[in-house]
Structure formats: C-alpha cells, structure tokens
Protein chains: 2
Amino acid sequence: MSRPAVSCGDAFAFEVLARDPETGARAGLLHTPHGAIETPVFMPVGTHATVKTLEQADLEELGAAIILANAYHLYLRPGHARVAALGGLHGFMSWPRAILTDSGGYQVFSLSALRRVEEAGVRFQSHLDGSRHLFTPELVMEIEHALGADIIMAFDECTPYPCPRGDAERSMELTLRWARRSAARHAELAGLRADRPPQALFGIVQGSVYPELRARCVEQLLELDLPGYALGGLAVGEPRDDMLAMIATTVPRLPAERPRYLMGVGLPQDMGDAVALGIDMFDCVVPTRNARNGTAFTSTGRVRLRNASLADEAGPLDPQCDCRTCQRYSRAYLRHLFQANEILGLRLATYHNLHYMLRLMAGMRQAILAGTFSHWRAWFRSTYQGG
Amino acid sequence: MSRPAVSCGDAFAFEVLARDPETGARAGLLHTPHGAIETPVFMPVGTHATVKTLEQADLEELGAAIILANAYHLYLRPGHARVAALGGLHGFMSWPRAILTDSGGYQVFSLSALRRVEEAGVRFQSHLDGSRHLFTPELVMEIEHALGADIIMAFDECTPYPCPRGDAERSMELTLRWARRSAARHAELAGLRADRPPQALFGIVQGSVYPELRARCVEQLLELDLPGYALGGLAVGEPRDDMLAMIATTVPRLPAERPRYLMGVGLPQDMGDAVALGIDMFDCVVPTRNARNGTAFTSTGRVRLRNASLADEAGPLDPQCDCRTCQRYSRAYLRHLFQANEILGLRLATYHNLHYMLRLMAGMRQAILAGTFSHWRAWFRSTYQGG
C-alpha cells in the first residue's frame, strides 16, 4: 500500500518550548482546533463522553485542556452516527476544549466476548447485549471521524502481558498493517469533510516487552509521517522496569518534533520517570477509578478514604491542596460519605484526584521550563510515599 | 407532666408578610440562627448529611435556604456524638444555612427491623448491621441537640395507611405523650447549652385520616406552645382527597403566627393545593429520588429521561428552564448518561429537579406577595400535565 497523504496543516503544530538538560523531559505546546494543550499533559478519561461524576464545568475549572473518550463504547451506545448528528462529541457532551478518542483496540480485547482476530479486523460480541460486530481499521476511522475528536487513534491490537515473542511479533505486524489501512481511510475521510475542523491521526507502537519489535514497529510507522505517536501495550501487567525500558528504547526513535503519548499510564510515581524519558501525553483511569474506590492521592501519598482513622479528623484530605474538596470538606466528612455509599463522596474524591494529577503535570512543566526538573523529581520522591 | 418552658426568644420569629385574599395561602419569613427562610419553602432532603449527588455549593447556587437531615441515619452512622465533636451538622457537612432534622420516628417504622413500640419508646434493630437500639423521646432530643440543627422534630409514631381508628387513636395519644417528653427534655438540654445557637422544637400532628383525632392532637399539642407545627402521617398512601381534607381540617386549628410544615409532600401538583390550605414548609425525597430514577419535572410535566424518544433531541430538557443542566446539556446527552448508568446523569437531573421545585415555590411566594396566587394556580394547572 502506498503512503497515504495525511495532512492536517498547522492545526496540530507541536512546539517544544524547553528541554531538560539532564533528562529527556520537555515542555511543549500542542495546538488543536479546540485550543492549545500545555505538555506534559494528563488527559482525564471520559469513556462514555463523561468523566465519571464530574460536570464539564468542573473539568474547565480544573484546567483540563483535553479529555479522552472511547470509540468502542460510543459506537455501541449511543452510536457514532447519532453523536455526529448531534454536533460530534464536542457538541454532544458540550465540551469546547480538545478531545482524543481511543480507537477501541484495547477495549475490544478487554471488554468484549468471543472476539476473533482476522486480517480484516476483529469480530466480537458487545459486552452490553451480545450483538455481533466487526471492527476494521476502516470502520474505526469512520467512527472516529463521526465522533469528531481532535486526535484520533489508529486501530491496533493490544497484546496482553506476558506475550510470547512470536505472538508479539505477529500482532505487531498486524497492528502495522492496520495502521496503514487506518491512515489510508483517514486520508480519504479527511478529504470528504474539509468543512469540519481537521483531525490528527496518531499511530500506536506495539511490540510487547521486546525492544527489537518496538524498534521495527516505530521504523515502519514513521513511514506514515503521522502528527503524533503513542506507546501502546504497556501498563498491562508487565514489571515497571520493563515498562520504563520500553519507553527508553522507543522514544529516541520517534521524531523529536512530534508529541509522544504513553497510553494507560497514570500512577503519580510513574509520571516523573516517563516524562524524564520524553513522554508528552498520558491518559489513565487510575485517578478517577481510584477516587471512586475510595483512594485519594495527596502530597504525601495515598489516603484510603474508608479508613477508620479518618472518622474524627476535622482537617482537609490534603492540607497542601487548594482544590474545592480540600477547601471545604473534612476527612471525617469524606469518610462518612464513603461509608454511607453517597455519590457525593465519589465526586469530591474524583475532583480532588484529577486536581492532584493536573497540578502534578503542571508542576513538572513549570520545572522543565525553569530548568529545575531534576530538583522537582528529587522533591517528589522525598515527599510522595508508596505506590 | 407540667408544661415545659420552651423558649428560643426571637431567634425563630415567623413573619407573615402577605395573605392570599381567596385562599389560606401566605408568604412569610422564618428567621433562624442560620439565616431567614422565605416561605412557602421546599426543603431538599439530605438524609445522610448530603443531598444526594449535589455539593453544598450547588445547593447554595440553587438558593436552598434550609435542608433536611435525619436523626435516625446520623445516629447510626457516623454517630451523633461524632458529629457534635466535628462542629455539629453545620460544621460536619460545611453547610452555613439552616438545617432541620427529622426525629427518626418515620424511619424507625419504615427502615428498621423487629421494631417494638413501648410506652418508653421504640426498640428496633439497625437496618445497617442488625444492632439493637431503643429510641426514646429523650434520647432523640439528645441526638438532635448533638446534631445541632436549627429546627428539630419531636419523636412521634407515624401510622401507616390504612390504619383502623382504634390504632390511630392509641398511636396519636402515644405521640402526644412523647411530644410532652420531647419538649421537657429539649427544655433541659437547651438550658445546659446556652452557649450554642438556640434550636426550635416543632411538634407533629398525627391522627391518620380521622379529623377528630387530628383536632384532638392539635388541641393538646398547642399546650406545649411550640414555635412550629408539622402535619405527619400524610402522603403515606392515603387518597389525595383524604390528605387534602386532613390539611384543611388541621391548619385552621393551628396558630396563625407559627409556621406549618407538611411532612413528606413534594409532588409538583400537590404544592399549590397545600399552600392554598395554609402550609408554609415542605420536604420530600421525590424531586431528588425521581431524578435518580430518571424522571424530571419540567414546565409542561414529567419527562422520562430513559425514553427512547429523547435519543436524538438536541434541545434542552426544559426550554423554559434556566438551570445549569438545561443551559448546557441536551435531552439526547441526558438520555445517553442514563442509558450508560453514568453518575453525571443522576447529578444533572437532581440539580434540575431541585431547581424546578425551588422555582415553583418562589413563583408561588411571589404570586402571594403580588396578590395573584389564584392566577398562578390556574396557570400551573393549565401548563403542568399529569402526576
């Protein structure tokens, strides 16, 4: 297949504003048709076109510049054509800032039943009603064009961990062929809808924990000359050192002038290391899911909100936090809300955890711009306890 | 038992500002240590010291002047002594405006297991863990003093519907004896804690659907000279006409200069009729519970948010509503959130329904003040469809 013409002009220009002299960390600005994104950036996950428990106004107040939604879920419900008719995702959910849609590759493998991988794509049954579907790279591009997110992901196969080398290689080669088909269909669709804001297609590097597979995947993906590249298939259960090694071996092979997105990573203790290796973008359900499970991130480490020791604590969850939750409510009240299974607890914890993550990223960015990133990392390691 | 000295000075002064010339409706101002309440008023229910799904800032934005919490639930969890140590309910939940606590009489009968009514009080097992408890009027006053709400309710027995006359009479007499004991203990406790803001004890009129029992209950309750009176045991399944008849027979017997509170009523179509009969205060879980069940109140009637007909509707839930939900989100998005079981749906619907109820009350109050309440009722009947 010949190289498709993927062009989105300067709409997705990526400016690297500062580089840390001691690590690969960088601070940048990624332009999109729905605003510029300061990097490194954490993208809150809004799978069903809602970041669970929060209003869009909360996300604006938190300073989220981009959120993530999911092609798989929105295809099944309420349907991508319906979303398109209602103004695309931006109009449908009333979110004026940037959106990224995941392609559904990961979800098809993690959620759906009876999936079968073929060269054409993946046959699967819906996790909602058992209905049968075939996701091809071309259909996924049609879905992501209908949803209209600023950044769309190529359809890939996400390998589990552990994954034998032969399987990982076959899967990576399939992901590459699907990436080429994704890019070709994306180019066709982009030509058909020049009246709407352009969308940027990001490619996904697979290859499990095998450096040479990752290297080969990058090499061939680069032929597509995409506006951004993601590292997929990580944070799926492999040892942390393997994850960091895969980042370290992959990032230097990617073009310096394009954003790099590490998919599915969002533990506070991982962010600094990944940024130091040159990652610009992150998404993860951890801050929001942990919040709903009653685990909060604070400046000194994790706090279990159901812990009995909080029951009489009149002080805020994190005395160093200036979020709305910490400004108004006590640890005792938060614990009570969780004990009583009250929705407000989920919301207050979610708001706090996202505030924590977004401030963490903003702190790193500021440090990189100021040339003090190494100090920032030392400070973080000395204050944040536990995993 | 001699009449106890219940005094809360002018802290709970009730000013009747206007009376409708054609009905018993009136507009007033009920002063409390945590602000003045414009009546008629609807009090959102925050059973566990949270109005489900909402933040306290949302309630402030909605203009809620008083909310309700529940002594039964808070006694069981997190415990009234704990709440007292954390600054009382106002401090615990960070709510600076007025609070009313229900005594738990209704909850003991509707929620707990193996309850046994004795002269002393009610023995019951917790609906949470089966632990055994005895609620006496005295203990309930201690709980309500510890919680520190502005308005506290006497401990009563709430009869179910239907209820034979003999049972209703015995129960009403018991409620009267408990009211006297509640008032006596309240007076003692008030004397012990003169350093904290005063609390107003309201009596509860019982008597099922028997006018002569209601009349006798009022007559004897009035001997306690309480700062406010509630109508209990209604909206428990009796025909609507019976409910209205009980209000009509009871209200004229109550002192004109004291607020009248109809417990547990909150259907839009009932509010105008009850206000016309002279009710000043209401509480009900209907607006918030219905919201979570996917039923919204609108200017033209109820809307089922899961209804398939909403799936492609780009317009707001209620075009005549200026609440945050209707200003930003479409019917299609709301329906999607409910179909996907997303918490944001519960929250947006709750915010809308409470906005609806509070605006409904404000509209009635304005009409009473302007001398146009009959026009308001005619307008409401002509626009609001269904029950």
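**Ground rules.** I am working with a predicted model, in which local features need pLDDT of at least 70 and side-chain atom pairs count only at pLDDT 80 or more, while totals for chains, interfaces and linings use all residues. Residues are numbered from 1 along each chain as its sequence is written, and chains are lettered from A and ligands numbered from 1 in the order in which they are written.

**Chain A overall.** I looked up the secondary structure and found 15 helices and 16 strands in chain A; helices (H or I, at least four residues) and strands (E, at least two) are DSSP runs, numbered from the N terminus. The radius of gyration, taken over C-alpha atoms, is compared with a globule rule of 2.2 Å times the number of residues to the power 0.38. For chain A the radius is 21 Å, close to the 21 Å that the rule gives for 387 residues, so the chain is as compact as a globular protein of that length. I noted that the C-alpha trace spans about 65 × 50 × 45 Å along its principal axes.

**Burial.** I count a residue as buried if 20 or more other C-beta atoms lie within 10 Å of its own, exposed if 12 or fewer, and partly exposed in between, with C-beta atoms placed from the backbone. By that test, 56% of the 387 residues in chain A are buried.

I took strand S2 (residues 26-32) of chain A next: five of its seven residues are buried, so the strand is largely enclosed by the rest of the structure. Two strands pair if DSSP finds at least two bridges between them. S2(A) pairs antiparallel with strand S1 (residues 14-19) over five bridges, A:Arg19 standing opposite A:Arg26, and a hairpin of six residues joins S1(A) to S2(A). Five bridges also join S2(A) to strand S3 (residues 35-39), again antiparallel; here A:Thr32 has A:Gly35 as its bridge partner, and two residues lie between the strands of this hairpin.

**Contact with chain B.** I found 32 residues of chain A in contact with 32 residues of chain B, where contact means C-beta atoms, placed from the backbone, within 7 Å. H13(A) gives the most to this side of chain A, with five residues. Of the interface residues of chain A, 100% are also interface residues in chain B, so the copies meet through the same surface.

How values were computed: Two residues are in contact if their C-beta atoms, placed from the backbone, lie within 7 Å.
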